[in-house]
Amino acid sequence: MEKIVVGLMSGTSVDGIDAAIVKIKGYGMDSKVDLLHFSTMPFEETLKREILDSMDIDLSNAASICSLNFKLGKKFADAVRHVCTEAGVPLDVIDLIGSHGQTIYHIPNGSDLYTKSTLQIGEAAVIAHETNTMVVSGFRAMDMAAGGEGAPLVPYTECILYNDPKKNRALQNIGGIGNVTVLPKGMNLGNVFAFDTGPGNMVMDELSLRLKGSPYDPNGQWAAAGIVDEEMVAEWLRMDFFSKAPPKSTGRELFGKGFTDAFLRDHGHKPAEDLIATATYFTAASIAKSYQSFIFPKLKIDQVIIGGGGSYNSTLMTMLRKLMPDVDIGTQEDIGFSSEAKEAIAFAVLANETIHQQAVNVPRVTGASSSVILGNITLPPGGDHKKILQKAGK
Ligand SMILES: Nc1ncnc2c1ncn2[C@@H]1O[C@H](COP(=O)(O)OP(=O)(O)OP(=O)(O)O)[C@@H](O)[C@H]1O
Ligand SMILES: CC(=O)N[C@H]1[C@@H]2OC[C@@H](O2)[C@@H](O)[C@@H]1O[C@H](C)C(=O)O
């Protein structure tokens, strides 16, 4: 049975809400997935600030997170309407919405102070009410309840969408954070592996904003004009995160504002271009080091496919190619996909799996004790849920 599903993603870059309208036939590894339309609804600067502050342990509080949960729910509903209007698809054609939500905090390992936990907000009841559509949200919690890190979750969808019978592929996402999924040729879910590689655009973006007043370094132009401090990068690469073997995931807690504050405290007197170049090289070098430590010793990679907004930073792409000269490094566009749309598509696919009660986390990737069904289902208000689930194919 065919379903029209909207996938919503607001990632760690906090640049806006990505929305994909996807046609999905079937479920499981045989799902047929077609992207009908994709759009991004950028956050206004004030809302972006509010979200970033809510992630900052010094600025955040319970009231601000409570309020933001509902505010973002409304924004996610607006993003559904926006993508439908742009695509000329009536809202009542949508069978299901898969909403990742906005990660506010992620504590994958716990500490003396905090329990292992993760929080994605953007109230699903508000989305369901505004759109009169069933919503699947909170994808990460069940994996973490089963002992996993709750991330990364895209390996399942990447198996469906990108496996190649002849090539060992590494799919490198460069969003706020960098993460890789390794798909051995002719693979099945049993031999895929994945982990977060470290910072994506997060440090570069923070520096661009503070030193140049721009949310990112357009095409890497400032980084291209700067001089990299290789010693600084070598020191950063000695952080525990980079030597830890997967499973591993990370976020703003490690590479967010606190990281950039410390960098600027010691090096803020240097030219902005040099600082942005150093942060750009840090991302490239952390990806290369991750591959050298945890991928190349296991598998010869034939093709690295870069996705996420970082693929539009040509200085970063050049650095990556220099650091890994023996591998073919291309972009999502080179193989006929969209670099921007991939995560929104993933959460549409994952929502479809939820309503078909399929367990889709990959335990060897997240560290969970078993494979479990992800997500919370929110029915539309007053909806006849039997009819709705029937429509969804159960
Ligand atoms: N033309 C461009 N030049 C340089 N960088 C760009 C360009 N376009 C986008 N980016 C970068 O991509 C980022 C957004 O990437 P993306 O949408 O993949 O991240 P995300 O989904 O928020 O993150 P994550 O995957 O970590 O959740 C921007 O913040 C910016 O740093
Ligand atoms: C906690 C969280 O939101 N993690 C995100 C983030 O963004 C990239 C990387 O860090 C990855 O671990 C994950 O997202 C992708 C979509 C995933 O779960 O596969």
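Tutor: The centres of domain 1 and domain 2 lie 23 Å apart, taken over C-alpha atoms. Domain bounds come from an automatic or database domain assignment. Here that gives domain 1 (2-157 + 343-378) and domain 2 (165-301).

Student: How should I read the model and its numbering?

Tutor: This is a predicted model: local features need pLDDT of at least 70, side-chain atom pairs count only at pLDDT 80 or more, and totals for chains, interfaces and linings use all residues. Residues are numbered from 1 along each chain as its sequence is written, while chains are lettered from A and ligands numbered from 1 in the order in which they are written.

Student: How many residues does the contact take from domain 1 and from domain 2?

Tutor: First, the term: two residues are in contact if their C-beta atoms, placed from the backbone, lie within 7 Å. The contact takes 21 residues from domain 1 and 21 residues from domain 2. On the side of domain 1 that touches domain 2, β4, α5 (155-162) and α15 (363-366) each give two or more residues. Such labels are DSSP runs, numbered from the N terminus: helices are H or I with at least four residues, strands E with at least two.

Student: What classes of residue make up that side of domain 1?

Tutor: Ala, Val, Leu, Ile, Met, Phe, Trp, Tyr, Cys and Pro count as nonpolar, Asp, Glu, Lys and Arg as charged, and the others, Gly among them, as polar. By class, that side has 10 nonpolar, seven polar and four charged residues.

Student: Which residues are closest to ligand 1?

Tutor: A residue is near a molecule if its C-beta atom, placed from the backbone, lies within 6 Å of it. By that rule, 22 residues surround ligand 1, and the closest are Gly11, Ser13, Gly175, Asn201 and Gly309. Four are nonpolar, 14 polar and four charged. Domain 1 and domain 2 each give at least three residues to this shell.

Student: Where is Ser13 found?

Tutor: Ser13 sits in the loop between β1 (2-10) and β2 (16-25). Val14 is in the loop between β1 and β2 too. In an unreviewed entry, UniProt lists Ser13 and Val14 under "binding site", along with others including Gly11 and Asp15. UniProt positions follow the numbering used here, feature names are shortened, and annotations may be inferred rather than shown by experiment.

Student: Is Ser13 buried or exposed?

Tutor: Count C-beta atoms, placed from the backbone: 20 or more others within 10 Å means buried, 12 or fewer exposed, and in between partly exposed. Ser13 is buried because 20 other C-beta atoms lie within 10 Å. Val14 is buried as well, with 21. Leaving aside residues up to four places away in sequence, Ser13 touches Gly175, Gly176, Asn201, Asp205 and Gly309. On that basis, Val14 touches Phe43, Lys48, Ile51 and Leu52.

Student: What surrounds ligand 2?

Tutor: 16 residues do, with Thr103, Ala151, Pro152, Val154 and Ile177 the closest. β4 (96-107) and β8 (177-183) each give two or more residues to the shell. By class, the shell has five nonpolar, nine polar and two charged residues.

Student: Which residues touch the most other members of the largest nonpolar core?

Tutor: In soluble globular proteins, nonpolar side chains tend to be buried together. A nonpolar core is a set of buried Ala, Val, Leu, Ile, Met, Phe, Trp, Tyr and Cys residues joined through C-beta atoms within 7 Å. In the largest, of 99 residues, they are Val6, Leu8, Ala20, Ala344 and Ala348. Helix α12 (residues 272-294) gives the most to this core, with 10 residues.
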